[in-house]
Amino acid sequence: MLTVAEASAIIQAAVSPREPRTVPLSAAAECVLAADAVTPINLPRWDNSAVDGYALRSEDVAGANENNPIHLRVVGEIPAGKSPGVPVEPQTCVRIFTGAPIPSGADAVVMQEDTKPHHEGYIAVLESAEPGESIRRAGDDVTAGEIVLRSDMLLGPAQIGMAAAVGLKKLAVRPRPRVGVLVTGAEIVEPGRPLREGQIYDSNSYALAALVKRAGCEVVDLGIADDTREDLHEKIDYGLSECDAVITVGGVSVGEYDLVKDVLTELGCEQKFWKVAMRPGKPLVFGVRGDRFVFGLPGNPVSATVTFLILVRPALLKLRGLTQWDLPQVEAEIQEDFVNRGDRLHFMRGRLKKQDDKWTVTPSPQQAAHVISSLANADCLVAVPGCQTLKRGTLVPALVIA
Ligand code: AMP
Ligand code: MG
């Protein structure tokens with residue numbers, strides 16, 4: 001049986017980032033930039049005021065202080081968004097507001113708090129100013145022709161803001177992958193409906209949709225398939241035509257109703273592997289058709305989430321064009337033994353706590369793959385090798401459920 005590391009390597013070798021596309025800035029957040037973005041303009045565009053105050057000639061206010069106010073005539077006013085009108089001649093100043101362009105003749109701005117109104121049309125300046133004081137220079141942020149965002153950067157809020165600030169309306173990005181989620185099983189019912197004998201509510205499609213979104217992808221809800229070849233065939237086929245990747249849940253084990261593998265073969269998917277030596281989640285099929293992928297996850301809700309986090313999430317991040325695929329980790333001290341009696345690598349659920357400056361981790365009391373509450377009350381996974389106990393007091397990397 002493949003190890004988790006071998007299965008990951010097979011998946012990562014099969015997946016490559018989506019082809020770039022130019023999208024409006026408003027659709028680019030959380031995408032990876034596919035080409036350097038160059039600013040066509042300087043930022044700031046022109047020398048402008050860093051404060052509300054008075055633009056003046058620094059030499060006119062040399063030696064000014066509370067006891068030696070210097071009086072200047074106010075010859076104009078420049079609010080933000082207006083061009084500077086009159087030049088500043090000796091012994092005059094111009095009222096100016098933050099962001100407004102510095103008028104010619106002025107070489108400093110004195111902030112309003114360091115002035116006092118004087119008689120009609122004059123102010124008293126109570127503080128001297130160095131040349132250049134409170135002036136933000138043209139281009140001191142970025143200059144025209146400069147690369148402001150590098151290819152392969154993840155476009156978070158600050159990067160989108162940067163692009164907008166230099167007037168870029170579109171960006172070449174790797175589009176967000178579309179990921180189909182199909183749950184399978186004749187017993188599965190939408191939450192909200194009455195349950196008949198033998199039926200259970202569908203929890204996986206909700207949990208997986210949330211996980212897929214958190215991984216920065218678009219979710220395509222493919223619904224619930226019956227355990228029949230026809231229904232699975234139709235729904236997976238549709239998913240493969242619409243999505244970059246399809247995640248199916250359930251029906252990949254060895255029972256008579258576990259038909260997903262056969263249907264993938266019918267649909268021309270190459271089965272790259274079926275079983276992985278991990279717990280929860282041994283039966284897990286990975287199929288490839290052209291540039292599309294199918295991850296057939298086991299149906300137990302804990303297995304579905306854990307296999308998603310360990311094997312599918314990294315693939316989705318690679319599809320997005322990211323280069324860092326690991327779950328975030330914290331080093332934590334074990335509070336109670338993590339005991340793995342089985343021979344497969346066990347991703348045990350645990351709960352992190354910060355005490356003083358260090359993290360501790362406690363195993364969830366129940367570790368069976370059907371115990372949904374063990375996952376709902378956990379915030380991390382601790383990988384425990386087969387037939388091993390990680391003892392209280394040991395430091396381990398805890399994988400934060402992200
Ligand atoms: P399977 O892998 O199809 O054999 O399913 C394993 C277990 O997970 C069974 O007990 C299923 O009823 C359960 N299961 C499968 N799909 C879901 C789902 N979407 N929501 C909740 N439980 C599920
Ligand atoms: Mg099933």
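Modeller: Aspartate 356 counts as exposed, at 78% relative accessibility. The cut-offs are over 50% relative accessible area for exposed, under 20% for buried, and partly exposed in between, with a 1.4 Å probe and protein chains only. This is a predicted model, in which local features need pLDDT of at least 70 and side-chain atom pairs pLDDT 80 or more, while totals for chains, interfaces and linings use all residues. Residues are numbered from 1 along each chain as written, chains are lettered from A and ligands numbered from 1 in the order written, and side-chain values use heavy atoms, without hydrogens or water.

Aspartate 356 sits in the loop between E25 and strand E26 (358–363). Strands (E, at least two residues) and helices (H or I, at least four) are DSSP runs, numbered from the N terminus. The phi of aspartate 356 is positive, near 50°, and the residue is not a glycine. Most residues other than glycine have a negative phi.

Glutamine 355 belongs to strand E25 (residues 345–355). Glutamine 355 is partly exposed, with a relative accessible area of 31%. Its contacts (heavy atoms within 4.5 Å) beyond four places in sequence are Gln335 and Thr360.

Glutamine 91 also has a positive phi, about 65°, without being a glycine. Glutamine 91 lies in the loop between strand E6 (70–78) and strand E7 (92–96). Its relative accessible area is 45%, so glutamine 91 is partly exposed.

Other backbone details involve prolines. Most peptide bonds are trans. The bond from leucine 43 to proline 44 is cis, with omega near -15°. Proline 44 is in the loop between strand E3 (37–38) and strand E4 (48–49). Arginine 279 and proline 280 are also joined by a cis peptide bond, with omega about -10°. Proline 280 is in the loop between strand E20 (278–279) and strand E21 (283–289).

Now the charges. There are 14 salt bridges in the structure. A salt bridge here is a side-chain nitrogen of Lys or Arg within 4 Å of a carboxyl oxygen of Asp or Glu. One of them pairs arginine 18 with aspartate 244, N to O at 3.2 Å. Arginine 18 is in the loop between helix H1 (4–14) and strand E1 (21–24), and aspartate 244 in the loop between helix H4 (229–242) and strand E18 (245–249), so the pair ties together parts 226 residues apart in sequence. Arginine 18 and aspartate 244 are both buried.

Glutamate 266 and arginine 229 meet in another salt bridge, at 3.3 Å, N to O. This pair links helix H5, which holds glutamate 266, to helix H4, which holds arginine 229, 37 residues apart. Both ends are partly exposed: glutamate 266 at 41% relative accessibility, arginine 229 at 34%.

Glutamate 59 and arginine 57 bridge with closest N and O atoms 3.3 Å apart. Glutamate 59 is exposed at 59%, whereas arginine 57 is buried at 17%. Asp60 joins Arg57 and Glu59 in a network of salt bridges.

Which buried lysines have no salt bridge? Lysine 261 is one of them, and its nearest side chain of opposite charge, aspartate 262, is 5.1 Å away. Lys and Arg count as positive, Asp and Glu as negative; His and the chain ends are not counted. Lysine 261 is in helix H5 (residues 260–266). Beyond four places in sequence, lysine 261 contacts Val252, Gln271, Trp274 and Val285.

Lysine 318 is another, with aspartate 326, its nearest opposite charge, 12 Å away. Lysine 318 is in helix H6 (residues 301–320). A polar atom of its side chain lies 2.8 Å from the backbone oxygen of glutamine 12. Outside four places in sequence, lysine 318 touches Gln12, Val15, Ser16, Pro17 and Trp325.

Last, the ligand. Ligand 1 is surrounded by 14 residues, and the closest are Glu187, Asp202, Ser203, Gly251 and Gly299. A residue qualifies if one of its heavy atoms lies within 4 Å. A polar side-chain atom of aspartate 202 is 2.9 Å from a nitrogen atom of ligand 1. A backbone N or O atom of glycine 251 is 2.9 Å from an oxygen atom of ligand 1. A polar backbone atom of asparagine 300 is 3.1 Å from an oxygen atom of ligand 1. On its own ligand 1 has 480 Å² of accessible area, and the protein covers 75% of that. Areas come from the Shrake-Rupley method with a 1.4 Å probe; for residues, only the protein chains shown count as cover.

Definitions and conventions: Polar contact = N/O pair within 3.5 Å; in protein donor to acceptor, adjacent residues only side chain to side chain.
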